[in-house]
Amino acid sequence: GENVEQHPSTLSVQEGDSAVIKCTYSDSASNYFPWYKQELGKRPQLIIDIRSNVGEKKDQRIAVTLNKTAKHFSLHITETQPEDSAVYFCAASRAGGGNKLTFGTGTQLKVEL
Amino acid sequence: DVKVTQSSRYLVKRTGEKVFLECVQDMDHENMFWYRQDPGLGLRLIYFSYDVKMKEKGDIPEGYSVSREKKERFSLILESASTNQTSMYLCASSLESGYTFGSGTRLTVV
């Protein structure tokens, strides 16, 4: 089955700096890669996703890049703010099969003032 | 907005009890999922269902079963609760791709 590895497990940045979280996946048939943000005590929420026919996607201060050849994808957050502090999860799935997602182990991002 | 509702936010059960965790979604989604979330391990898939009365094992199904009698409801059953099943349980539903999660049930087995 699919295996998703995520790094780093913790990341601390100064407010205004950029943050990058990286994930690798094992199943070359995976074609959908979402990112979820989970604030303390709350449910994970989808923040951005990318499909395998696209190399990059951007939404305001967040962007995701995908390298299908290397089987890795990354989340980029620019101009970080304290409210970006949360746990971020990457995930991967293939079309069909109930669209089940395999998640990475999460990155605790702390944005310091 | 799609709403996914989990019946309990916190539960404390005794070892050996049979435990039911309920999840209801209101947007006619076909796919529903149960995950458990543990520190350092991320979200691990227990079971999922893509249709009424259908179920598929995820990555860690041992000690669990599920029921989906109606499209909107997906129940997770711990046949005989054990202390290693103490965890946060998250239900999710989806139509095509991105999930909507419930608020989670923090289960403690003593």
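Predicted model: local features only at pLDDT ≥ 70, side-chain atom pairs only at ≥ 80, totals over all residues.

Reader: How many helices and strands does chain A have?
Author: Chain A has 0 helices and 11 strands. Both are DSSP runs numbered from the N terminus: helices are H or I with at least four residues, strands are E with at least two.

Reader: How much of chain A is buried?
Author: Buried residues make up 45% of its 113 residues. Buried means under 20% relative accessible area, exposed means over 50%, and partly exposed lies in between, with a 1.4 Å probe and protein chains only.

Reader: And which share of the contacts in chain A joins residues at least 24 apart?
Author: Among contacts between residues at least 6 apart in sequence, 53% in chain A join residues at least 24 apart. A contact here means heavy atoms within 4.5 Å.

Reader: Let us look at a residue. Where is L11(A), and is it buried or exposed?
Author: L11(A) is in strand β2, residues 10-14 of chain A. Its relative accessibility is 19%, so L11(A) counts as buried.

Reader: What does L11(A) touch?
Author: Not counting residues up to four places away in sequence, L11(A) touches A19(A), V20(A), I21(A), T107(A), Q108(A), L109(A) and K110(A). By contrast, R94(A) is 83 residues from L11(A) in sequence and 29 Å from it in space, C-alpha to C-alpha.

Reader: Which residues does V87(A) contact?
Author: Leaving out residues up to four places away in sequence, V87(A) touches Y36(A), K37(A), Q38(A), G106(A), T107(A) and Q108(A). V87(A) belongs to strand β9, residues 86-92 of chain A.

Reader: What about backbone geometry in chain A? Which peptide bond is cis?
Author: The bond from H7(A) to P8(A) is cis, with omega near -5°. P8(A) lies in the loop between β1 (4-7) and β2. Most peptide bonds are trans, and most residues other than glycine have a negative phi.

Reader: Where do we find a positive phi in a residue that is not a glycine?
Author: E79(A) has one, of about 45°. E79(A) is in the loop between β8 (72-77) and β9 of chain A, and at 52% relative accessibility it counts as exposed. In chain B, K53(B) has a positive phi near 65°. K53(B) is in the loop between β6 (42-49) and β7 (56-57) and counts as exposed at 58% relative accessibility.

Reader: Turning to chain B, how many strands are there?
Author: Chain B has 12 strands and 0 helices. Its radius of gyration is 13 Å, close to the 13 Å given by the globule rule for 110 residues, so chain B is as compact as a globular protein of that length. Of the 110 residues, 48% count as buried.

Reader: Which side chain does S75(B) pair with?
Author: The side chains of S75(B) and E22(B) are joined by a polar contact of 2.5 Å. A polar contact is a pair of N or O atoms within 3.5 Å; within protein, one must be able to donate a hydrogen and the other to accept it, and residues adjacent in sequence count only if both atoms are side-chain atoms. S75(B) is in strand β9 (residues 73-78) of chain B and counts as buried at 9% relative accessibility.

Reader: And S93(B)? What is its side-chain partner?
Author: The side chain of S93(B) makes a polar contact of 2.9 Å with that of H29(B). S93(B) is in strand β10, residues 87-94 of chain B, and at 0% relative accessibility it counts as buried.

Terms used:
Residues numbered from 1 in each chain as written. Chains lettered and ligands numbered in written order. Heavy atoms only, no water. Rg over C-alpha atoms; globule rule 2.2 N^0.38 Å.
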